[in-house]
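Me: I have a model open and want to go through it piece by piece. Can you start with the term we need for packing?

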Amino acid sequence: MFRTFGFEEFWFILLALRWTIALTAIAFAGGMVGGLVVALARTSALPMLRYPAVALIRVFQGTPLLMQLFLVFFGLNLFGFKIDPWFAAAAAFTLHASAFLGEIWRGCIEAVPRGQFEASWALGLGYKDRNVSVILPQAARIAVAPTVGFLVQLLKGTSLASIIGFIEITRAGQVVNNMTFQPMVVFSVVAAMYFALCWPLSLFAKRMERQFSKALAR
Amino acid sequence: MTADPIVRMVNVEKWFGEFQALRNISLDVHKGEKIVLCGPSGSGKSTLIRCINQLEKIEQGKIRVNGIELTEGKQNVETIRQEVGMVFQQFNLFPHLTVLENCMLAPTKVRKASKADAAATAMRFLERVKIPEQAEKYPAQLSGGQQQRVAIARALCMSPKIMLFDEPTSALDPEMVNEVLDTMTDLAQEGMTMVVVTHEMGFARKVADRVIFMDRGEIVETADPETFFTSPQQERTKTFLGQVMH
Ligand SMILES: Nc1ncnc2c1ncn2[C@@H]1O[C@H](COP(=O)(O)OP(=O)(O)OP(=O)(O)O)[C@@H](O)[C@H]1O
Ligand SMILES: [Mg+2]
């Protein structure tokens, strides 16, 4: 029979929040690693590294996240993997994050003044030392704000995983709505939970941005 | 001179797309020699010295630095760069590192010096450029003249065989020009091999063994400072000197 929205229903959604957070965390962590590789390839002097990175970025920028999710979900099946929403969602969001962070960080690397590259070359620093000691630390300072901004997008984007049957808060909301038929209440609660996560992150990003422009003005 | 030159450029040509920036440049720089490069804006002075450490690639000709052919692959390029110090117009210090760390970075990473050795060397050169007390500060906390002296110390910490300067005083407030020129003069007197792009004709007169005048990518005239300033041979040199000396 119908149930009214009460603590139990709220608790059900709240518990699903950990899967939203877990999926976001995995995709973001994987995307940081993948994104660094993509950004370094994208800014490489070698065309054989640069072009694949460009292609990857274009594909992920030019298609909807939902299609990426579908393609990975059904694609994995095609290659003989068992259909598993968890694995498919984690893989798809990690790839998505790698491409987007790769492009964001490419911009940050290119924003490091040319003279910094030239000074490192002139001192004879090799590829690794040049990046680790000179370029990336300066790029990282510029990167904080847009990276947190992307994290917010990613977190909201995980709601799409509900479509392939991954139980996170949007999916949990749908389940509860099917039992209560109180969509306004249910989805307001879901939205409030997203907001509670995203708002502090956005504030943090704003603050970092301000701090960075102050540091530049110095 | 009997010894091999530190730098030998033979028939070097350099294009930026359709534009030819260097035309048939041949130049030897011998050990201990001080060369001043001058010429109008866009004449190719920066391009010329940047070819010596391969910040610019050349299209034709040969460059040998310290006996190593520069046109022979990546390994050679990095080896050469370790032996060639460069000072830029905009200093190009690493803003996220302290003065001391700026000076220690290349010796520890490239020469694999120990932290203690690199720090001792860095302090020695910071004393030579007369700013040891600034070692713990960040570049942004120093004046332009101090930053440029740090940049000189940073390059010297690699014990280069030759130092290249690209208009080292052009970005400085007038009152700071002399502290940097004095540092460079000291360095010259200690026997460093130097190629300096500058419009400071007083410095050229005092320090240079040879002054080279460039125009439109060519070396137009080369002479000792006395001859260069009192009886230049080429019309273009005379015109240029007329403009810079008023
Ligand atoms: N990266 C580049 N791409 C295209 N053209 C360039 C590039 N670098 C330099 N040039 C051109 O090559 C010519 C020589 O430049 P260069 O910087 O060597 O001149 P310069 O003698 O150092 O002049 P200045 O006194 O203004 O520093 C100029 O006409 C310049 O516009
Ligand atoms: Mg120049």
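Reply: Contact here means heavy atoms within 4.5 Å. One caveat before we use it: this is a predicted model.

Me: Fine. What covers the buried residues of α2(A)?
Reply: The cover includes three helices of chain A: α1 (7-42), α3 (65-78) and α4 (85-111).

Me: Which residues in α2(A) are buried?
Reply: A:A53, A:I57 and A:F60. Seen down the axis of α2(A), the buried residues fall within an arc of 70 degrees, so they line one face of the helix.

Me: And which are exposed on the other side of α2(A)?
Reply: A:M48 and A:Y51.

Me: What span should α2(A) have?
Reply: α2(A) has 15 residues, 47-61, and at 1.5 Å a residue it should span 21 Å. The end C-alpha atoms are 21 Å apart, which agrees.

Me: Where does UniProt put the transmembrane regions in chain A?
Reply: The unreviewed UniProt entry lists residues 12-41, 53-74, 86-105, 148-169 and 181-204 of chain A.

Me: How much helix is there over residues 12-41 of chain A?
Reply: That stretch is 100% helix and 0% strand, with its end C-alpha atoms 43 Å apart. For comparison, residues 181-204 of chain A are 92% helix and 0% strand. Their end C-alpha atoms are 37 Å apart.

Me: Switching to the ligand. Which residues are around ligand 1?
Reply: They are in chain B, among them B:F16, B:F19, B:P40, B:K45, B:T47 and B:E167.

Me: Now between the chains. What does A:E118 touch?
Reply: A:E118 touches B:R50, B:L55 and B:F88, leaving aside residues up to four places away in sequence. A:E118 sits in helix α5 (residues 114-122) of chain A.

Me: Is A:E118 buried or exposed?
Reply: Buried, with a relative accessible area of 10%. The cut-off for buried is under 20%.

Me: How far is B:E78 from B:V110?
Reply: They are 32 residues apart in sequence and 9.6 Å apart in space, C-alpha to C-alpha.

Me: Backbone angles next. What is phi at B:F91?
Reply: Positive, about 65 degrees, although B:F91 is not a glycine. B:F91 lies in the loop between β6 (84-87) and α3 (99-109) of chain B, and is buried at 10% relative accessible area.

Me: And phi of B:K112?
Reply: Near 60 degrees, again positive in a residue other than glycine. B:K112 is in the loop between α3 and α4 of chain B. At 63% relative accessibility, B:K112 counts as exposed.

Me: Last one. What follows α6(B)?
Reply: B:G191, with a positive phi near 100 degrees. α6(B) itself has 16 residues, 174-189, and should span 22 Å at 1.5 Å a residue. Its end C-alpha atoms are 24 Å apart, which agrees.

How values were computed:
Residues numbered from 1 in each chain as written. Chains lettered and ligands numbered in written order. Predicted model: local features only at pLDDT ≥ 70, side-chain atom pairs only at ≥ 80, totals over all residues. Heavy atoms only, no water. UniProt positions renumbered as here; feature names shortened; annotations may be inferred. Helix = DSSP H or I, 4+ residues; strand = E, 2+ residues; numbered from the N terminus. Expected span 1.5 Å × (residues − 1). Buried < 20%, exposed > 50% of the residue type's maximum accessible area, 1.4 Å probe, protein only. Arc of directions from axis to C-beta. Near = heavy atom within 4 Å.
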